[in-house]
Amino acid sequence: MSAVDDLIAAGRALVDAGLSPGSSGNVSVRDGDRLLMTGTGTRLGALRPDDVAVLDLDGVALGGARPSKEVALHVAMYARNPAHTAVVHVHSPSTVALSCLEPWAPHSAVPPLTPYTLMRVGQVPLLGFVPPGDPRMGALITDCPHPFRAALLANHGAVVSGDDLEGAVDSTVELEEACRIALLTHGRERRLIAAEHVRAITDRWGTPWSETPSLS
Ligand SMILES: [Zn+2]
């Protein structure tokens, strides 16, 4: 499959998973020294080849559709995780809801509740609010002191990067579920995975986790 076919398939998968309300969200894939990104105003579930914008790795448009206004977010994610070749940004219900709450801890808005999230995503810092499309969005990603593969954007949604597009989509689905579980258990006497298990799981799977303060 070409990179464009991969983008079309990823868009459909995100819509099928219920992660693109009102046709929101955008997806990009790195193809050598170019980024292919869904264009502004496109519907993720019905992408066509001419809905794809072509950019250089600094986010400068080279051709194709007009890129989404959230280019800075994608460019900063690739710069932060150079081995990653795909970025997904969504306004999915549970990531947005959790992004409107105070974070569980400075390094992660999502507490360690289930092992699969730790294996797949690790910690998920909450980044500050800037209006959508504001170029300072890139600085929020770049300046975050905690390593991450996925972050929540305050009162906005989530951004996730991955080794490949399929992996980034799978991690986004996992993150939505993790946020839903965090919301369902919020304010209750919940039991977190103990710090030593969090450390063992994230070490084994190579996912980022900075620390586990004793919070509930
Ligand atoms: Zn957005």
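**Entry 1: the zinc site**

I looked up the zinc ion and found its site irregular, with angles of 90 to 155 degrees among its four donor atoms. Four donors count as tetrahedral if all angles lie between 85 and 135 degrees; four count as square planar and six as octahedral if opposite donors are over 155 degrees apart and all others between 65 and 115; anything else is irregular. I noted that this is a predicted model, in which local features need pLDDT of at least 70, side-chain atom pairs count only at pLDDT 80 or more, and totals for chains, interfaces and linings use all residues. Residues are numbered from 1 along each chain as its sequence is written, and side-chain values use heavy atoms, with hydrogens and water left out.

Which protein donors hold the zinc ion? I listed Glu70 (OE), His89 (NE2), His91 (NE2) and His156 (NE2), lying 2.0 to 2.2 Å from the zinc ion. Donors are N, O and S atoms within 2.8 Å of the metal (3.2 Å for Na, K and Ca); water is not among the atoms, so sites may look incomplete. I wrote the sequence spacing of the donor residues as E-x18-H-x1-H-x64-H. Histidine 91 and histidine 156 link distant parts of the chain, 65 residues apart. Histidine 91 sits in the loop between β5 (86-90) and α3 (93-99). Histidine 156 sits in the loop between β7 (150-153) and β8 (157-162). Helices (H or I, at least four residues) and strands (E, at least two) are DSSP runs, numbered from the N terminus.

Are these two histidines buried or exposed? Histidine 91 is partly exposed, at 26% relative accessible area. Histidine 156 is buried, at 7%. Buried means under 20% relative accessible area, exposed over 50%, partly exposed in between (1.4 Å probe, protein chains only).

I turned to helix α2 (residues 71-80). Seven of its ten residues are buried, so α2 is largely enclosed by the rest of the structure. I listed the buried ones: Val71, Leu73, His74, Val75, Ala76, Met77 and Tyr78.

How do α2 and α5 cross? Their axes come within 7 Å and cross at roughly 20 degrees, α5 being residues 136-143. Axes are lines fitted to C-alpha atoms, for helices over the stretch in contact, and angles run from 0 to 180 degrees between N-to-C directions. The two helices are therefore roughly parallel to each other (angles under 35 degrees count as roughly parallel, over 145 as roughly antiparallel, 65 to 115 as roughly perpendicular and the rest as oblique). On the α2 side, Ala72, Leu73, Ala76, Met77 and Arg80 make the contact. On the α5 side, I found Met137, Gly138, Ile141 and Thr142. Contact means heavy atoms within 4.5 Å.

I found valine 159 in strand β8. Valine 159 is buried, at 0% relative accessibility. Its contacts include Leu73, Met77 and Ile141, not counting residues up to four places away in sequence. His89 is also among the residues that valine 159 touches.

Arginine 136 lies in helix α5. Arginine 136 is exposed, at 52% relative accessibility. Beyond four places in sequence, arginine 136 touches Val130 and Pro131.

**Entry 2: positive phi**

I checked asparagine 155, in the loop between β7 and β8. Its phi is near 55 degrees, a positive value in a residue other than glycine. Asparagine 155 is partly exposed, at 47% relative accessible area.
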